[in-house]
Amino acid sequence: WVARMTMMAGHFTGQMPFKDVFIHGLVRDEKGKKMSKSANNGIDPLILIDKYGTDALRYTLIREVAGAGQDISLQYNRNTDESESVQASRNFANKLWNAARFVMMNLEGKTPEILGKPRLESLELCDAWIISRYQEVVGQTCDYIDAYGLGEAAKGLYDFIWGDFCDWYIELVKSRLKADGDANSRLVAQQAIAWVLEGILKLLHPFMPHITEEIWHTLTQKTEGCLALESYPEIEEAFINPGLEASFDLLISTIRTIRNLRAEAEIKPGVKVPVMLQSENELERSILQLGETYIQDLGKVTDLQVIDQLTKDPGKVIAGVVGTVQVLIPLTGIIDVEVLGSKLEKNLDKVEAEIKSLSGRLSNPGFVNKAPADIIEGAKNALNEAEKQAEILRERLQRLQ
């Protein structure tokens with residue numbers, strides 16, 4: 001095809017039809033076989049488009065490109081016409097759609113152009129963090145596209161949009177976007193979230209053109225033109241702050257640990273708890289103190305103490321570690337520690353009994369030699385899962401100091 005196009009263009013126009021040729025891999029079926037008419041193992045893209053949407057299928061195929069010439073494996077169930085791979089991309093599109101709806105509901109009818117770009121000196125901690133991350137992703141995406149790393153670009157955008165923007169930044173600014181909050185803080189949050197969202201739509205447009213076009217017109221309230229004709233985002237170095245990003249990683253990990261400990265201790269979602277964060281590292285303590293509001297808000301913390309060392313016995317606590325930071329949640333008066341410990345011990349006894357039974361079956365030559373291979377494999381998988389559960393339960397019991 002390349003040779004034919006080159007010769008035809010040279011003959012009729014005297015020019016080369018293209019400067020670069022991207023040689024992509026094959027899209028292989030669910031068994032890893034090459035799709036062909038003779039094997040009758042092709043997948044009708046219209047079926048997947050009807051089920052999951054055009055953008056979802058397009059994004060899946062791009063995301064799975066590991067590099068020029070590398071084949072793509074597309075998960076597909078021919079009995080149900082379902083694809084886990086494409087469904088994951090549809091979920092991503094839904095996540096973006098819902099996030100955009102939330103943003104636009106909190107802009108008071110204003111567009112990113114009306115709100116204007118936020119000034120660096122007016123940004124709050126989480127605003128500066130998301131904009132720095134956004135600028136990093138702009139550079140990363142452009143570099144990948146220039147190098148034809150389309151799959152890597154798609155994966156990077158997925159991680160930033162789903163993780164940093166949707167799961168963290170939107171949660172961090174929800175309280176500031178409320179109408180009864182501080183007006184100046186709300187305006188800065190609106191500027192930052194609108195600017196980053198429009199940038200996300202531009203970055204993602206080559207990968208998901210339809211949904212990004214739809215959201216962009218609604219966000220900008222433009223009735224003419226199209227997103228494809230807009231300038232692609234470029235890095236603005238002034239907004240990049242690697243030190244802040246590293247600091248924010250500590251805050252996010254701390255919040256995540258608090259949430260996990262709450263779940264392990266079966267603390268009800270509506271109950272706020274006291275938390276102690278202990279670290280001998282002065283820099284870590286200063287970062288935790290700067291992000292105190294975020295930790296209290298997202299971790300549902302009522303009293304936060306950032307200390308260099310424990311000066312008294314905290315009593316019954318559940319504990320976790322983030323780097324060199326020890327996270328302690330006192331449990332007295334919040335849950336019945338004895339009841340929780342008893343429950344965990346019963347669950348551990350049950351799992352250990354299952355481990356003993358499965359181990360006995362797998363060490364029995366009569367079972368191993370006579371049972372079908374799939375039954376033996378199932379028993380091995382069940383044993384591995386039970387051993388993992390036992391390890392988690394032992395750790396949870398150990399945390400109940």
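Of the contacts in the protein with a separation of 6 or more, 74% are between residues 24 or more positions apart, a contact being defined by heavy atoms within 4.5 Å. The structure is a predicted model in which local features need pLDDT of at least 70 and side-chain atom pairs count only at pLDDT 80 or more, whereas totals for chains, interfaces and linings use all residues. Residues are numbered from 1 along each chain as its sequence is written, and side-chain values use heavy atoms, with hydrogens and water left out.

The protein comprises 15 helices and 6 strands, assigned as DSSP runs numbered from the N terminus (helices, H or I, at least four residues; strands, E, at least two). Its C-alpha atoms fill a box of roughly 85 × 75 × 35 Å along the principal axes. Of the 401 residues, 42% count as buried, where buried means under 20% relative accessible area, exposed over 50%, and partly exposed in between (1.4 Å probe, protein chains only).

Two helix pairs illustrate the packing. The axes of H6 (residues 125-146) and H7 (residues 150-173) come within 9 Å and cross at roughly 170°, which makes H6 roughly antiparallel to H7. Axes are lines fitted to C-alpha atoms, for helices over the stretch in contact, with angles from 0 to 180 degrees between N-to-C directions; angles under 35 degrees count as roughly parallel, over 145 as roughly antiparallel, 65 to 115 as roughly perpendicular and the rest as oblique. Residues in contact include Trp-129, Arg-133 and Tyr-144 of H6, and Leu-157, Phe-160 and Trp-168 of H7. The axes of H3 (residues 54-63) and H9 (residues 209-220) come within 7 Å and cross at roughly 125°, and the two helices are therefore oblique to each other. Thr-54, Asp-55 and Arg-58 of H3 make this contact with Pro-209, His-210 and Ile-211 of H9.

Leu-204, in helix H8 (residues 183-204), counts as buried at 0% relative accessibility. Apart from its neighbours within four places in sequence, Leu-204 is in contact with Tyr-59, Phe-92, Leu-96, Leu-157, Ile-161 and Thr-212. By comparison, Val-2, in helix H1 (residues 2-12), counts as partly exposed at 33% relative accessibility.
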